[in-house]
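Visitor: I would like to learn how to read a protein model. Could we go through one together?

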Amino acid sequence: MASLSHDGGTHATPAARFWRALQSRYVLGGGYALAAVLTAVAILLAASPPETGPLAPASKNILAILGLNLVLILALAAQVGFRVATMLRARSVDPAARLHVRFVTLFALAAVAPAMVVALFYTVLVNRGVENWFSERVQTVVENSATVMRSYVDDQSQFVEEHVTLMANDLNRAAPALQVSPVTFSHFLAYQASYHAFPAAYLIDREGRILARAEAVGVVDFQAPPPSSFAAADEGSISVSPNLTRALTRLTAYPDAYLYVTRPVQAGIVNQLHEADRAVTAYREAAESRARIQRVFALSYIETAMLVLVGAVWLGMGAASAISAPVGRLVQAAGRVAGGDLDVRVDTSEDPEELAVLSRAFNSMTHDLQAQQAALKRAGDEAEERRQFIETVLAEVSAGVIGLDADGRISAVNRQARILLDLVEGQTSGRRLAEVAPEFVAIADRADAAGESEAEVDVARARETHRLRVRASRSEGGLVLTFDDITRLVSAQRNAAWRDVARRIAHEIKNPLTPIQLSAERLRRKFRKDVPVEDLETFDRCTDTIVRQVDGIGRMVDEFSSFARMPTPKFAAQDGAELVRAAVFAQRVAAPDIEVELLDPTPHVTLVADGRMLAQALTNILKNAAEAVAARVAVEPEPKGRITARLIADEQGVQAIVEDNGVGLPDKDRDRLTEPYVTTREKGTGLGLAIVKRILEDHGGELILTDATGGRGARAVLKLPTAAPGASDAAAGPEPRAQDAGVM
């Protein structure tokens, strides 16, 4: 139970106690004293003459001290501002808060007037003092020296470039004659160097080797130019050294030759240039220090003004608290009660007796309210638990549930209903039933008239058709529709019926096939010699037709027999990658015109399964893919037929994925493709996919048929666990099933 203390804090939580400690007068007083000392030290240091060192006026250390001090002052201002903001929010209903605000306003106004005077004083002091430290005459001299330096450098650079260009042009024009006689070339090079006032001139190659030279007496020893100069000369420009003593240019009339000249400047010029450069740098550093000093003074003023203002506001709040604290605590507690906090209690230990009576009555009232609220909360929690239980039941049941209000609009939809009808969560409430499930409208109309109704409907969503058993009943204020997905049940019933039909076909048809075939072959052997020549062709054709058709009927009966009497899987350790690799190789041999590819990498996976049955399933899937590709290629030769197989293994199991670019899956009744005698080809029993599905189900897996990811075609996914259910029992000794035992 929280108790409201004299400073407005609580004793309930460690966070509240920590906040109270930060707002205590000792913490605020210590922080204020530290900020005042740091401000005074910074002002004294900033007022000292300009100099260098860690504590100079322009030092970054002073700025760092002022920055940290500013953070401290802002923290103090935030503490005081938080209290002021709290009073401003509560002054409309709290007389004590209004009194606080009045005291704080008066003290703040008293602090603002001196702050304005200090601002004027600081402005004059900073502007006049700093301006006197930096002479305009010095600025003019430094800038003029920099201008003279740049002018001299530009003139000398231009002189060197012009004369080097003229000299290079003369050497290029005289190249044919000079290359014949090296001596003549050396004399000509010396003449050109003397004419253009270059004490030394060299003809060098790209490696810096001297091909010819002309040097005056007393010149500096030869120094090869740097690689950057050769790069600049190769681009067609003249490279002049920074000290104006060397220049390099490319001679275009020679295969690998550069003109390299030296021209030393007058004694002392380079030093004077460096001195001018240092003077400019020093001036800029002084200007930068000037701006930093101005920032130091500005921060000093801002911190001084803020200290005065914070101190005034803090003093006003302290004076007001001595008068209005008891009333403020009581009003604050009432506000917290209005906000729903019934744990608050007002501390009356130091209140006057008149206010203590009111505070004790307030505490008694909050105690009674808290007890009543606890009782209501318990009742609400029980109701919420019942509601959540009902919602959980509706969400987890396997049946879909839709609730309609009196206007026929959807008021509730559970998760299974959204899954079966392919609905988006949050976009069904308030819509008509005809917009969401038009197949249910007739059933809902009959239930609205008769009270209840039930029917089976087919719902097509996302290229899949589901058979749903829908029940609708009238309730208070609307209708409730519940529906179950009986697609698997119907499919299982169809499969059971087909297995029974397949058994009958295998029993009734297969037995007479052998005598028919043997009789036809005996007729051909015994009576063919007695048949007239003109009827011999007809006789042979008839007997061949009988034998061939009997053989075709036999293969069809074998397929029905395999489907009806599938054996119990014999589980053993199998190499999954080898099974897929063998099936792909067999399909390549069976369909050489189609590209059958096994995508890498193929992980090494050990399966506990019946290897023969899995091989049959993979063969059927690849055979179906080849037939689909062949059907498409017969109509559209391009692109070339292609089948890809891939094996993926993860923590959930193993997936064998077969994808083709054939005719693809039909848009309608895709879910029935795995039912017996459902096929998209003219010649086919439709048992291939049914057998594959049965094999995978016996192994605890699943067959998924969908569209190809790379365009037109189909994609078959054979999902298998690494260990099939019941594998250990089967390994010990499989027992034949009542209906499925037998040999394929």
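**A covered strand**

Guide: Strand 2 is covered on both faces: Ala 200, Tyr 202 and Ile 204 are buried on one side, and Ala 201 and Leu 203 are buried on the other. Bear in mind that this is a predicted model.

Visitor: Why are the residues of strand 2 listed in two groups, one for each side?

Guide: In a regular strand, side chains alternate between the two faces of the sheet. In this case Ala 200, Tyr 202 and Ile 204 belong to one side, with Ala 201 and Leu 203 on the other.

Visitor: How many residues of strand 2 are buried?

Guide: The count is 5 of the 5 residues in strand 2 (residues 200-204), so the strand is largely enclosed by the rest of the structure. For the protein chain of 744 residues, the buried share is 36%.

Visitor: Which strands pair with strand 2?

Guide: Strands of a sheet pair through backbone hydrogen bonds, in a parallel or an antiparallel way. Strand 2 has an antiparallel pairing with strand 3 (residues 210-215) over 5 bridges. Its pairing with strand 6 (residues 258-262) is also antiparallel, over 5 bridges. To follow the pairings by residue, find Ala 200 opposite Glu 215 in strand 3, then Ile 204, whose bridge partner in strand 6 is Tyr 258.

Visitor: What lies between strand 2 and strand 3 in their hairpin?

Guide: There are 5 residues between the two strands, and in this hairpin Gly 208 takes a positive phi near 90°.

Visitor: How many bridges join strand 8 and strand 12?

Guide: Strand 8 (residues 400-404) and strand 12 (residues 478-485) pair over 5 bridges, in the antiparallel sense. Within this pair, Gly 403 has Val 480 of strand 12 as its bridge partner.

Visitor: Is Ala 399 buried or exposed?

Guide: A residue counts as buried under 20% relative accessible area. Ala 399 has 15% relative accessibility, so it counts as buried. Ala 399 sits in the loop between helix 10 (353-396) and strand 8. Leaving aside residues up to four places away in sequence, Ala 399 touches Asn 414, Gln 416, Phe 483 and Asp 484.

Visitor: Where is Ser 229, and which residues does it touch?

Guide: Ser 229 is in helix 8 (residues 227-234). With residues up to four places away in sequence set aside, Ser 229 touches Ser 239 and Leu 248. Ala 232 is also found in helix 8; by the same rule, its contacts are Ser 237 and Ser 239.

Visitor: What is the average pLDDT of the protein chain?

Guide: The average is 75, and 71% of the residues score at least 70. Over residues 6-11, the pLDDT is below 50. Residues 728-744 also have a pLDDT below 50. Where pLDDT is low, the predicted coordinates should not be read in detail.

Definitions and conventions:
Residues are numbered from 1 along each chain as its sequence is written. This is a predicted model: local features need pLDDT of at least 70, side-chain atom pairs count only at pLDDT 80 or more; totals for chains, interfaces and linings use all residues. Side-chain values use heavy atoms; hydrogens and water are left out. pLDDT is the predictor's confidence in each residue, from 0 to 100. Contact means heavy atoms within 4.5 Å. Buried means under 20% relative accessible area, exposed over 50%, partly exposed in between (1.4 Å probe, protein chains only). Two strands pair if DSSP finds at least two bridges between them. Helices (H or I, at least four residues) and strands (E, at least two) are DSSP runs, numbered from the N terminus.
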